[in-house]
Amino acid sequence: QSKADSSESEQLCVFVLVTCCVLYDWISADGINSPQSTIDIKAVTGVVSGYKLVESTSADNILQTNFKPRR
């Protein structure tokens, strides 16, 4: 696997991770930020920070703007 392929694969994995987190947040009754969430969103944000997904929008920004407001 070339370096370019590796970079594209990494970008795809970040995109899928962000998408899954946003979907989980909207499907789960309590949301991803609740203490009952099975996803450690702080860890996810740490992993995806610095990646650009849509145009020049960072992955962590996409996570923050697409979550339901915390109750």
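Helices here are DSSP runs of H or I with at least four residues, and strands are runs of E with at least two, both numbered from the N terminus. The model is a predicted one, so local features need pLDDT of at least 70 and side-chain atom pairs count only at pLDDT 80 or more, while totals for chains, interfaces and linings use all residues. Residues are numbered from 1 along each chain as its sequence is written, and side-chain values use heavy atoms, with hydrogens and water left out.

By that bookkeeping, T45 sits in helix α2, which runs over residues 41-48. The chain as a whole has three helices and two strands, arranged along the sequence as α-α-β-β-α. Its C-alpha trace spans about 45 × 25 × 20 Å along the principal axes.

On burial, the cut-offs are under 20% relative accessible area for buried and over 50% for exposed, with partly exposed in between (1.4 Å probe, protein chains only). Of the 71 residues, 30% count as buried. T45 comes out as partly exposed because its relative accessibility is 23%. Contact means heavy atoms within 4.5 Å; setting aside neighbours within four places in sequence, T45 touches D60 and L63. The C-alpha atoms of T45 and D60 lie 5.6 Å apart, although 15 residues separate the two along the chain.

A nonpolar core is a set of buried Ala, Val, Leu, Ile, Met, Phe, Trp, Tyr and Cys residues joined through side-chain atoms within 4.5 Å. The largest one has 13 residues, and V18, C21, I41, V48, L63 and F67 have the most contacts inside it. Leaving out neighbours within four places in sequence, C21 is in contact with I32, I39, I41, V44, L63 and F67.

Across the chain, among contacts between residues at least 6 apart in sequence, 52% join residues at least 24 apart.
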